[in-house]
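The following note sets out several points on the structure shown below. Each point may be read beside the sequence and the model.

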2 protein chains.
Amino acid sequence: MNQPFSHPGHWARTAGLALFGITLVACSTANPVDVHARPGVAAPSGETLFDHSIAALRASVDERRAEGVDVPVPVDAGGGYTHEQHKQNAKTIYEAGMLYQLTGESKYLDFAARILSDYSDLYPTLGLHPQVNPETPSRLFWQGLNEAMWLVYAVQGYDAIQDDLSAEQRSKIEDQLLRPMADFLSVGSPQTFDRIHNHGTWAAAAVGMTGYALGERDYVEKALYGLDKSGDAGFIKQVDALFSPDGYYAEGPYYQRFALMPFVLFAQAIERGDPELRIFEHRGGVLRKAITANIQETYGGRFFPINDAIREKGLNTAELRYAVAIAYDLTGDASLLSIAQQQKSIVPTPEGKKLSDAIAAGKSKPFAFKSQKLRDGPDGDRGALITLRSGPEPDAAALVFKATSQGLGHGHFDRLGLLYYDNGDEVVADYGAARFLNVEPKDGGRYLPENASWAKQTVAHNTLVVDQSSQFDGDWEEGEAYTPTILAFDDTVGASYAAAEITTAYTGVTYQRVVAMVDRDGGGSYVIDVVRGASDAPHTYDLPVHFKGQLIETNLPFTYAVAQLVPLGIRAGYQHLWKTAEASGVAAGVTSDLSFLIDDQFYTLTFTARQTLGAYLTRLGANDPNNNLRNEQAMILRATGKDATFLSVYERHGRYDNDEEVTVFSGGSVERLDISRSGRSDVYTVIPKSGGSIRVLFSDDTAPTATHQIQLDDQTVNWNGPVGLHISAGTEHSTKGEN
Amino acid sequence: MNQPFSHPGHWARTAGLALFGITLVACSTANPVDVHARPGVAAPSGETLFDHSIAALRASVDERRAEGVDVPVPVDAGGGYTHEQHKQNAKTIYEAGMLYQLTGESKYLDFAARILSDYSDLYPTLGLHPQVNPETPSRLFWQGLNEAMWLVYAVQGYDAIQDDLSAEQRSKIEDQLLRPMADFLSVGSPQTFDRIHNHGTWAAAAVGMTGYALGERDYVEKALYGLDKSGDAGFIKQVDALFSPDGYYAEGPYYQRFALMPFVLFAQAIERGDPELRIFEHRGGVLRKAITANIQETYGGRFFPINDAIREKGLNTAELRYAVAIAYDLTGDASLLSIAQQQKSIVPTPEGKKLSDAIAAGKSKPFAFKSQKLRDGPDGDRGALITLRSGPEPDAAALVFKATSQGLGHGHFDRLGLLYYDNGDEVVADYGAARFLNVEPKDGGRYLPENASWAKQTVAHNTLVVDQSSQFDGDWEEGEAYTPTILAFDDTVGASYAAAEITTAYTGVTYQRVVAMVDRDGGGSYVIDVVRGASDAPHTYDLPVHFKGQLIETNLPFTYAVAQLVPLGIRAGYQHLWKTAEASGVAAGVTSDLSFLIDDQFYTLTFTARQTLGAYLTRLGANDPNNNLRNEQAMILRATGKDATFLSVYERHGRYDNDEEVTVFSGGSVERLDISRSGRSDVYTVIPKSGGSIRVLFSDDTAPTATHQIQLDDQTVNWNGPVGLHISAGTEHSTKGEN
């Protein structure tokens, strides 16, 4: 599909391994993608983004070439010198190979060949790594995952130069390095190679891509179908098992990004080596869907930080840079170009050049972010990650509703959790993982103890906490056994909603949540949130709100702790919360509010409950003897009794503009909230100051096919399914329901 | 000087009042200037920045025209409806006038004329404002300052249309509005008009500009020379008294910006109406210097937030936008164009178009930020604000050394305070003011009580605190009486330094500080900081370090408070600090360190003391019953005894790159610090791991002309003045000293 480039015979091989991109070492300063800011890549006028990226790559590779490349005997575990050096060397082999293909300059051929030759000398002398993890045997690294990643890069570099190596060079590299390593990662590591897990995908990719490069079908077939070639393991099985039909990955967006890399790289090799497999069409095109899903799982350029997630990761990562390039090559979807323009650099591959040329030709279109339900589970029946957006723009309001499965060992106990973004900013947020990736003084860069004691706990999320304990009592394997039920989803822009319930997170408690995003009179959106816990026994129901920014005003009768702070609780994450303020005795049905400032925008949360409410303000940091936690704030609403029902509305308003010295703050636009019953349904009413009303109708009967009818203001209102949304603007009104 | 524009007869009058810009209402989202980001203004290709700004202005003014403009009877104080409406109306008159001059479209003429006519009906009916501040009488507003600002805008709008009004229209507006208002602000308000203060400058500008517009010399002369025209008051006197010879304004950068507006506007009017006064050359061109100084007083686009300062203010403010346009018109300095490119919009004046044309012609050059000493006081003898920078780039390292006077009632008790910036980020910071400007629920947007109890206090700054009290015991008038002595300043890039002392901030204590910025082996800079307190009596000496980011590692033996937090002290700001960790008994001479992460960069502070050290980690927020404070962290070093000497070195290093998944953290590059004596001098030695040494030499004899000689490593080292800097890279070395 790709046209040869200006240097014929290079870079576009008609047979053998296709060429894949890792990304350039960025020459610009690392800057989070900011939807307010200009696109991330910039090239001097007359130079394409690709030229610009290649110039930076040349400079970087030339520097390494001048310095010489050390190929040390393996000693260190993750983060240590030999570990990082071997990681870097694989990229250098790859990058030199790419530059050779692109430029035809023999210095890059020689450079790649020399490093490969050094490894060919070293590899046969190695036993297992001195600090090897016995469960994943490895030689260059302490774990097999890194060894597989090494081979994925190195074999691409080799493939890029092999036609111009001598027979002697080729046989040395293949016989002493590539084949032994591929054997070691396949037949030598069956427990990893045949595992349905992203480590298995990396191993399959490494072995399979080596097979294509060396013309060794045996490797290719084992990689595709498992060591016994039965199809019970191997890449095809992994594609079938690890993604949902919508391209969702059970561990969440952060790990989806990581898993995507070997899937997409190997799939591209398969597409060229075995085009009749039509791998990108396999299972309804799930690999393409997975790339798009991962882009949709971002806001402000960063992944939704659910589960164990490093919050900085997003569209700028190496994985997404070439995933976008490959996806554009496959689909020609011009909206992917605008994503590439936000990235820091362009991958040094034919797909990268194609991206860059299309951008230069002005083909870029805005990427349309959308409201969507990404079903979870191989069969799509293990809940869903639901996103509601107020529009397709990157800075439109977005509400993330996490009604997914547990997400395995990296999952958090946050079923039916909520995130809220607007105007390019996080407004109500997820802590992400308690981890400083690869920062040696922070427990070697691993997950910190506070990841388990805080970040995974239910109270660290914007979801219901029962009896100050975590869902499934903090047992992820228990959590893995149960999933929420999606009750409703409607993606109508301006009047979207979703609902889900879970009855297994807390013994004897049914937890239901309805979220909606509805256009607000005068612009912007209301985010409406109904949280309902029900039980036969009395409980304490807490609803944490992890809001960002600076608290400006609240009508809650808070008393602030001025002379002493103590923790809010003793376990399940509560031990990490300093209790900074406390309010109690807010009567059932009273409408309360809390306003805060983020950058130049105000946000107001208006809320009420069917029960008497108490509230706390907290600051994270108690029982943190190594200062591992960020000192973030939250409000926690508390109701006690057999049942608890919270109705909350979020909105953005006003302006705090210090450049123009204009401040507009008049509080939220909600006059009053009301919770009532009508027949066998709850009616949650938002009454704006501007008149009219917005009603969320939620029937006790959650059967998808049930039809409901109630009287509202002398009108008869009908809807189907558990949830209806009734919007009345004075005399006009409309009702929407699931059909 | 300005050429007429395409619509002859408009916009460039050959006589009368010149045309001045307030800035456009920005159509883009408010975004802090970020040195990493692309320039702030962007225009579609083929459209100049000016065209783009004018299009936005037209849209905004057309909208107001369509809606109609309310001219209400004055009722409200600051922030209320009538207050904000009258403020807005003055801008509307001005903007409509500018658009008429630019486009010749009569709708803008009619719009401005109609509003002016409405005010001409209203004004004669008004007595004093119902909520007037009796010290500054006013009619449209609660204080005279706003009335003067109103007239400055409105008279510019009037001048832009007056040639095309009927005689009847003119006489109504002049006789019922402009003259009565000018009279009221001059002879009617002598206590403000003749005051040497920025309120007086606004009044002079309003009256003087009205004089030029109406051809009324009496107004002009009173404005220039005071009501009695003697020169003891008035604008010329204000230019002489309110700026230092270097263009520094005693209240600091934030108030300098505010004060600059009437100075520059009226000066431009004078330049055209009375060119023989050569106002921009007056006093060595101090007004031009004041503009440049205000730009130099920024980092990352924001003003150094010393004294009472809203931290968001910077180059994007209206004041700076037209100050830059006027300064470029005066000087043709192409580096001002790059500042304009960072701003959000271009002012709708001939100077704005000139800026825009020059940018479009590719004339822009980078603005060179520099190390400099801005002397304080009318005679330049009241200390100085000193900045050391590692280079001219906006993201070069910068160290701000506040050795100025008190800065009147808005001054903070932070003499010899330090700020440190690097890589576009704040690293060691100033809290700024405790205030949410114009945010009504926050005490009406005024300074909060915590501004006095925290933000002004010495412990809120990076400077020496003696006996847990504030400088001058928190009495600003006492502080105003004394200034520091500048002991040294050398702006050599890569080896710059400065020193100052103050003996009056704490009774019986001499406080000296030496700061230096020295190139670091391998790139970047060391910021070296020597703090020395000396007394005949024992004291507690605290050195707070208000660092940003996330603490990563320290070798201090901290014990963290896990179960309870209590305040660190009871007064002078200490009552607001929660004590989160404590370390004690670090022996004299031991080298300690603290590393933290800001964005993708690590910083390490390496430090030692001549005395036994204790240390605290703190978090702001105790005794804050209205949640008015930001919850920021600090480290406070503590030594007790008659004397205390702290030697600190800051540096940036490593990389935390989550896009490339590369982390480099190997701690700071300083092997060891040493404090020793040689003869009658202190020798502060920084020994990098890479070898060599950097020595700050500080003599007991601080006479500027004294010469000193000591032996260092068998070398004889000579320097002049109190401070020398000796840099030895193995066998090479050099010594620098004041000459």
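1. A residue is called buried when its relative accessible area is under 20%. By this criterion B:Phe602 is buried, and B:Tyr656 is buried as well. The model discussed here is a predicted one.

2. The two chains are considered next. Two copies of a chain are related by a rotation about an axis and a shift along it. Here a rotation of 180 degrees, with 0.0 Å of shift along the axis, superposes chain A on chain B, and the RMSD is 0.0 Å. This relation is that of a two-fold axis. Within chain A, the C-alpha nearest the axis belongs to A:Leu565, at 2.4 Å from it. Of the interface residues of chain A, 100% are also interface residues in chain B, so the copies meet through the same surface.

3. Aromatic rings deserve a separate point. A pair of such rings is described by the distance of the centres and the angle of the planes. Over all chains, a search of the whole structure finds 42 aromatic pairs. One of them joins A:Trp202 and A:Phe258, with 6.1 Å from centre to centre and 45 degrees between the planes, and it is classed as tilted. A:Trp202 belongs to helix H7 (residues 198–214) of chain A and A:Phe258 to helix H10 (residues 253–273) of chain A; the pair thus links distant parts of the chain, 56 residues apart. Both A:Trp202 and A:Phe258 are buried.

4. Why is the pair of B:Phe602 and B:Tyr656 edge-to-face? Planes over 60 degrees apart count as edge-to-face. The ring planes of B:Phe602 and B:Tyr656 stand at 65 degrees, with the centres 6.2 Å apart, so the pair falls in that class. Because B:Phe602 lies in strand S18 (residues 601–609) of chain B and B:Tyr656 in strand S22 (residues 655–657) of chain B, the pair ties together parts that are 54 residues apart in sequence.

5. Ring pairs link A:Tyr212, A:Phe235, A:Phe243, A:Tyr249, A:Phe263 and A:Phe266 into a cluster. A:Arg435 lies over the face of A:Tyr447, 4.5 Å from the ring centre. In chain B, the charged end of B:Arg630 sits over the ring of B:Tyr431, at 3.9 Å from its centre.

6. Helix H8 (residues 217–225) of chain A has as its buried residues A:Tyr219, A:Val220, A:Lys222, A:Ala223 and A:Leu224. Which elements cover the buried residues of H8(A)? They include helix H5 (167–185), helix H6 (190–193), H7, helix H9 (235–242) and H10 of chain A. After H8(A) comes A:Gly226, whose phi is positive, near 95 degrees.

7. A:Thr580 is part of strand S16 (residues 577–586) of chain A. Its relative accessible area is 18%, and A:Thr580 is therefore buried. When neighbours within four places in sequence are left aside, the residues in contact with A:Thr580 are A:Thr559, A:Tyr560, A:Ala561, A:Leu565, A:Leu617, A:Thr618 and A:Arg619.

8. B:Asp425 is found in strand S7 (residues 425–428) of chain B. Is B:Asp425 buried or exposed? Its relative accessibility is 12%, so B:Asp425 counts as buried. Neighbours within four places in sequence aside, B:Asp425 is in contact with B:Tyr299, B:Ile598 and B:Asp599. From B:Asp425 to B:Gly549 the C-alpha to C-alpha distance is 10.0 Å, although 124 residues separate them in sequence.

Methods: Residues numbered from 1 in each chain as written. Chains lettered and ligands numbered in written order. Predicted model: local features only at pLDDT ≥ 70, side-chain atom pairs only at ≥ 80, totals over all residues. Heavy atoms only, no water. Phe/Tyr/Trp six-rings, centres within 6.5 Å; stacked < 30°, edge-to-face > 60°. Helix = DSSP H or I, 4+ residues; strand = E, 2+ residues; numbered from the N terminus. Buried < 20%, exposed > 50% of the residue type's maximum accessible area, 1.4 Å probe, protein only. Lys NZ or Arg CZ within 6 Å of the ring centre and 35° of its normal. Contact = heavy atoms within 4.5 Å. Least-squares fit on C-alpha atoms with pLDDT ≥ 70 in both.
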